[in-house]
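Please work through the exercises below with the sequence and coordinates at hand. Each task is followed by its solution.

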Amino acid sequence: MSVVLVDAGGTNIGSVRYALQRLGVDAELTADAETIRAADKVILPGVGAAGPGMARLCELGLVDVMRALTQPVLGVCLGMQLLCTDSEEGHTECLGVIPGSVRRFTEAPGIRVPHMGWNQLVARQSHPLIAGLGYDDSAYFVHSYAVPAGEYSLATADFGGDFSAVIARDNFHGMQFHPERSAAVGARLLKNFLSL
Amino acid sequence: MLSRRLIPCLDVRDGKVVKGVQFRDHVVMGEIVDLALRYRDEGADELVFYDITASPEGRSVDRDWVERVARVIDIPFCVAGGIRSVDEARAVLHAGADKISVNSPALERPALIDELAAAFGVQCVVVGIDSLRDTDGEWRVRQYTGDPDKTQALARKTLDWMLEAQQRGAGEIVLNCMGSDGVRKGYDLEQLSVARAVCHVPLVASGGAGVPEHFRDAFVEADVDGALAASVFHSGAIAIPELKKYLRAQGVAVRL
């Protein structure tokens, strides 16, 4: 099985790559359209802001390439947000393959932005990507923007309201948390993705 | 619900994990990767590595071990120690660290915080603050605390610096209360509570943990998001699984 990591400039690429290695998969880091199209699985990692993230995909000529993919695709953190319709962060138009708008968390008593730390995942739908997800399972989040819970949410977490922790539409999937940094729970979900 | 975080802090000197008392007299505690794995297995929520000699010696953190840790660890970790530029921060993040923490270099040149936040997003940028109460009752910032001979007392008030750091783009603040560090008499709840009131980003308590009640007090009374500790974890005086069970029984949200 060939798995590629899209090199969109995110700083967590190394961590995602190591996490895949721990699962026995050596993922190629690439920005080459042909290599991405030919892969069995495509992962779009990302740390940073939506505007520069989309600008980088544009520069690399990967916007239409990503939109047209038919194999399983996984966006992680910012990568998940880039799969959605648009982002409030810098008023950015995103890839639009999963309907949903990315919004900034609203600060409130006890709600400190960025949302940073381990939060419980609550399954909302049955889906192979979240197979085996148990009650009290937590994942590690670090972000200031999120997609509100909606019809494409497979799992949600609560931070001043429910937001999408795992999302999917057709072959496109996203995880708002960092599976590469979410211990056994994260490894399980990454393994699920590799098995799709 | 978001969990409160337990964060073992590993002070790194010459590639080994060390621990001093009130930032002095360092004793070697073990190998970096071994300790990192041990804490991962015990259920630590996050790790912080401080290269405590990097800033006083004017050099950046050694990146070799950052990559070794990143390969084996599946929980987040933060690296601190003499990161003075966006390029140095990028190298540490690319080596696999999830966050970088700046302390003395941000005091030297506060615009570093803005630059790091612009380059990587605020979620990657932690500002560590070493703070000590002066005889006039004010908490003020200390610089270059990794080396007692080079430590400097600054005129800068801790709370002013905390506000400025947030305005510049700190995504998290670690407050090292030096007066309580290493002596296991409890976190400085007074200072942490005052800091909490002006800290709108996640706040991590550091310095003073001795018994499980100290963690509970920091979370419940000072409302901190994370609690950092070193010696009580390194020595085995407090085991993380038991600590978490205790905290959950006390009504504190923790990851089990």
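The model is predicted: local features need pLDDT of at least 70, side-chain atom pairs count only at pLDDT 80 or more, and totals for chains, interfaces and linings use all residues. Residues are numbered from 1 along each chain as its sequence is written, and chains are lettered from A and ligands numbered from 1 in the order in which they are written.

**Exercise 1.** Describe how H1(B) and H2(B) pack.

*Solution.* Axes are lines fitted to C-alpha atoms over the stretch in contact, with angles from 0 to 180 degrees between N-to-C directions. H1(B) and H2(B) are therefore roughly parallel (under 35 degrees). Next, Ile32(B), Val33(B), Ala36(B) and Leu37(B) of H1(B) meet Trp65(B), Arg68(B), Val69(B) and Val72(B) of H2(B), contact meaning C-beta atoms, placed from the backbone, within 7 Å. By class, this contact has seven nonpolar, no polar and one charged residues. Here Ala, Val, Leu, Ile, Met, Phe, Trp, Tyr, Cys and Pro count as nonpolar, Asp, Glu, Lys and Arg as charged, and the others, Gly among them, as polar.

**Exercise 2.** Which residues make the contact of H6(B) and H7(B)?

*Solution.* The axes of H6(B) (residues 158–168) and H7(B) (residues 189–198) come within 10 Å and cross at roughly 35°. Leu159(B), Met162(B) and Leu163(B) of H6(B) face Val194(B), Ala195(B) and Val198(B) of H7(B) in the contact. These divide into six nonpolar, no polar and no charged.

**Exercise 3.** Which residues outside its sequence neighbourhood does Ala227(B) contact?

*Solution.* Leaving aside neighbours within four places in sequence, Ala227(B) contacts Leu6(B), Ile7(B), Ala205(B), Ala209(B), Phe215(B), Ala218(B) and Phe219(B).

Notes. Helix = DSSP H or I, 4+ residues; strand = E, 2+ residues; numbered from the N terminus. Contact = placed C-beta atoms within 7 Å. Parallel < 35°, antiparallel > 145°, perpendicular 65-115°, else oblique.
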